[in-house]
Structures are given as C-alpha cells and as structure tokens.
Amino acid sequence: QIIQPPLVAWANGAFSHAPVIRKTTRIQDLTAVFADGQAWRSCDPQLPVYTVEMLETPAGEGELWTGVTHLNPGKVGNEFFMTRGHFHARREQGEVYFGLRGQGLLLLQDEHGKARLETVCAGSVHIIPGFTAHRLINTGSEILSALAVWPTIAGHDYAALQGGFALRVQEENQQICVCEVQNG
Ligand code: PA5
Ligand code: NI
C-alpha cells in the first residue's frame, strides 16, 4: 500500500495533502512583548504578526508536532517583528527548526538568562536543546518561514519569560542592532 504523505513546499513552507491547524497571532495578542509600548499601541491591533500552521497529529508520549511559522516583516517602533517566545513546559524537551525562506534570527536563552542568536535563512538548521527558550525574529523585508518539529508532550511556558529576553533586536540607521536588556 502506498500512502501520500503530507507535502511541504520548501520554497514557502506551504503544507498540502494533509489537514492543517492554523493560528494567527496579531499585534493585539502581543501585549508587553515589544519594548516601545507607545509604538505598539499606535499599530493596527488586527495586524497579523505571525501564523503557525501545524499538521494534525495525535498528541501523546513519543509523538511529534510538525509546524511552520510564517513571521511577517515589520517593526514595532524600531524593533523587528518576532514571535512571543517560550520555554517548553517540560523544560528538558528540545526542538529542531529549519529555515525555509527569508532572513532572520533565532534568539535562544538558557535558564540562567544567558542569550545567543543564530542566523536563520533558507536551509539553516537549529538544534534547540532542552532548557532553552526560543524566539524567531524577522530582520528582513520578506516573510520569514521556519519549519519546526517538537515533542507533543513539550508544551509551552510563556509565563516564565514575562520579564522578557536578555536581548532585543532593533533597526538603527538601517542596520540590525542587538541590544542587551537590563533585568532581562
Ligand atoms: O514550537 C515552536 O517553538 C514554534 O512552533 C512556536 O510555537 C511558533 O514559532 C510560535 O511562537 P510562540 O509559541 O512563541 O508564539
Ligand atoms: Ni518551542
């Protein structure tokens, strides 16, 4: 018996031949995520920042989610559009990201607050170890798309990062600028 598996178009991350769960995160959903609150309030609250499409998968021990994040280009004030970012609720669980299109950064931060950045582009492979928070940042002018695979048992812990990440990525004089945050 030959089965048609789901397809992902490497050029743009579009899934086909499978049911997909889709969630769009808008400016209004990203309270206290961007540094410039005044600039955030002046944005269209309905403006989509990113959409995640996931293959429908039975959850459970040993199962894996497969999803693509499409992060739009844009800025709030001078800070590039980014995902909310999270630790996994099950801290020891890792994840793998594969860059598909666009230009950006993957911000990684350990439990001691030590942060680092990896460049994301078509073909980049990012091994996110356990105990490591992660956030995508679109520093380009096109959509940044990345494929991710992670255990369904991992879960998301957004609350642990309410104080924010230790680094912010902004545009200054048309240059990408990484700033260290005090008390991040
Ligand atoms: O599992 C992941 O890490 C990704 O699929 C993210 O959930 C996705 O990029 C959206 O980011 P966040 O969950 O931080 O809003
Ligand atoms: Ni994750």
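## Close-up views of a predicted model

**View 1. Burial and overall form of the protein chain.** Of the 184 residues in the protein chain, 28% count as buried. The model shown here is a predicted one. Along its principal axes, the C-alpha atoms of the protein chain fill a box of roughly 60 × 35 × 30 Å. The radius of gyration is 16 Å, which agrees with the value near 16 Å for a compact globule of 184 residues.

**View 2. Secondary structure and contacts of the protein chain.** Here you can follow 1 helix and 15 strands through the protein chain. Among contacts with a separation of 6 or more, 68% come from residues 24 or more positions apart.

**View 3. Strand β12 and its pairing with β9.** Let's zoom in on strand β12, which covers residues 132–138. Because 6 of its 7 residues are buried, β12 is largely enclosed by the rest of the structure. Strand β9 (residues 104–110) runs antiparallel to β12, and 7 bridges join the two. One pair to look for is glycine 104 with asparagine 138, its bridge partner in β12.

**View 4. The shell around ligand 1.** In total, 14 residues surround ligand 1, and the closest are Thr69, Thr83, Arg84, His86 and Ala148. What is the make-up of the shell around ligand 1 in nonpolar, polar and charged residues? The shell holds 8 polar residues, 4 nonpolar ones and 2 charged ones.

Definitions and conventions: Residues numbered from 1 in each chain as written. Chains lettered and ligands numbered in written order. Predicted model: local features only at pLDDT ≥ 70, side-chain atom pairs only at ≥ 80, totals over all residues. Helix = DSSP H or I, 4+ residues; strand = E, 2+ residues; numbered from the N terminus. Rg over C-alpha atoms; globule rule 2.2 N^0.38 Å. Buried ≥ 20, exposed ≤ 12 C-beta atoms within 10 Å, placed from the backbone. Contact = placed C-beta atoms within 7 Å. Pairing = 2+ DSSP bridges. Near = placed C-beta within 6 Å. Nonpolar A, V, L, I, M, F, W, Y, C, P; charged D, E, K, R; others polar.
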